[in-house]
Amino acid sequence: MFSASILLQILACAIYNNWWPMLSALMYVLVPMPCLFFGGGSTQFLTSRDGGGWIDAAKFLTGASAVGSMAIPIILRHAQMIQTGAMLIEFTSFFIFVCTVMCFHRASLEDEW
């Protein structure tokens, strides 16, 4: 699924011969970083209610990265730097990426039981 998401990301750029949509791929790299640095590689802290300075910072950075993944194509389209089709392909790529993360999260929770 992740490979399909990256393929759509590249197709959104190649079909319209405009590589600006690749900026949202940067956000795909930033989304898992708070889990790696502050959560110890586990996604368990995202659903927990306990707080703390580092845990709250990790939740905020994860949310900001996820919102940035959606916002970058919208901003690029508003600035008329990309076509509407490229933006829609980017949204599809993001949806597949989110499904991949949700499947990984569920599999990691099942491994703990």
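Predicted model: local features only at pLDDT ≥ 70, side-chain atom pairs only at ≥ 80, totals over all residues.
Colleague: Hi! Buried means under 20% relative accessible area. What share of the residues in the chain counts as buried here?

Modeller: Hi! In it, 30% of the 113 residues of the chain count as buried.

Colleague: Thanks. How many helices and strands are there?

Modeller: The chain has 6 helices and 0 strands. Along the sequence, the pattern reads α-α-α-α-α-α.

Colleague: And what fraction of the contacts with a separation of 6 or more comes from residues 24 or more positions apart?

Modeller: Such residues account for 61% of those contacts.

Colleague: OK, aromatics next. How many aromatic pairs do you count?

Modeller: The count is 2 aromatic pairs. In one of them, Phe-2 and Phe-97 are tilted, with 5.9 Å centre to centre and 50° between the planes. Phe-2 belongs to helix α1 (residues 2-15) and Phe-97 to helix α6 (residues 84-112), so this pair ties together parts that are 95 residues apart in sequence.

Colleague: Which residue forms a stacked pair with Phe-97?

Modeller: That would be Tyr-28: the pair of Tyr-28 and Phe-97 is stacked, at 4.5 Å centre to centre and 15° between the planes. This pair also links distant parts of the chain, since Tyr-28 is in helix α2 (residues 23-30) and Phe-97 in helix α6, 69 residues apart. Tyr-28 is buried, as is Phe-97. Put together, Phe-2, Tyr-28 and Phe-97 make one aromatic cluster.

Colleague: Nice. While we're at α2, how do the axes of α2 and α5 cross?

Modeller: The axes of α2 and helix α5 (residues 53-78) cross at roughly 170° and come within 9 Å. An angle over 145 degrees counts as roughly antiparallel, and therefore α2 is roughly antiparallel to α5.

Colleague: Which residues make that contact?

Modeller: On the α2 side they are Leu-23, Ser-24, Met-27, Tyr-28 and Leu-30; α5 brings Ala-64, Ser-65, Gly-68, Ser-69, Ile-72 and Pro-73. By type, the residues of this contact divide into 7 nonpolar, 4 polar and no charged.

Colleague: What else does Gln-9 touch, leaving out residues up to four places away in sequence?

Modeller: On that basis, Gln-9 touches Pro-21, Met-22, Ser-24, Ala-25, Tyr-28, Glu-90 and Ser-93. Tyr-28 in that list is the residue that stacks with Phe-97, and Ser-24 is one of the α2 residues in the contact with α5.

Colleague: Last one: Trp-54, buried or exposed?

Modeller: Trp-54 is exposed, because its relative accessible area is 63%, over the 50% cut-off. Its place is in helix α5. The C-alpha atoms of Trp-54 and Phe-38 are separated by 6.4 Å, and these two residues are 16 residues apart along the chain.

Colleague: Great, thanks!

Methods:
Residues numbered from 1 in each chain as written. Heavy atoms only, no water. Phe/Tyr/Trp six-rings, centres within 6.5 Å; stacked < 30°, edge-to-face > 60°. Helix = DSSP H or I, 4+ residues; strand = E, 2+ residues; numbered from the N terminus. Buried < 20%, exposed > 50% of the residue type's maximum accessible area, 1.4 Å probe, protein only. Contact = heavy atoms within 4.5 Å. Axes fitted to C-alpha atoms, helices over the stretch in contact; angles between N-to-C directions. Parallel < 35°, antiparallel > 145°, perpendicular 65-115°, else oblique. Nonpolar A, V, L, I, M, F, W, Y, C, P; charged D, E, K, R; others polar.
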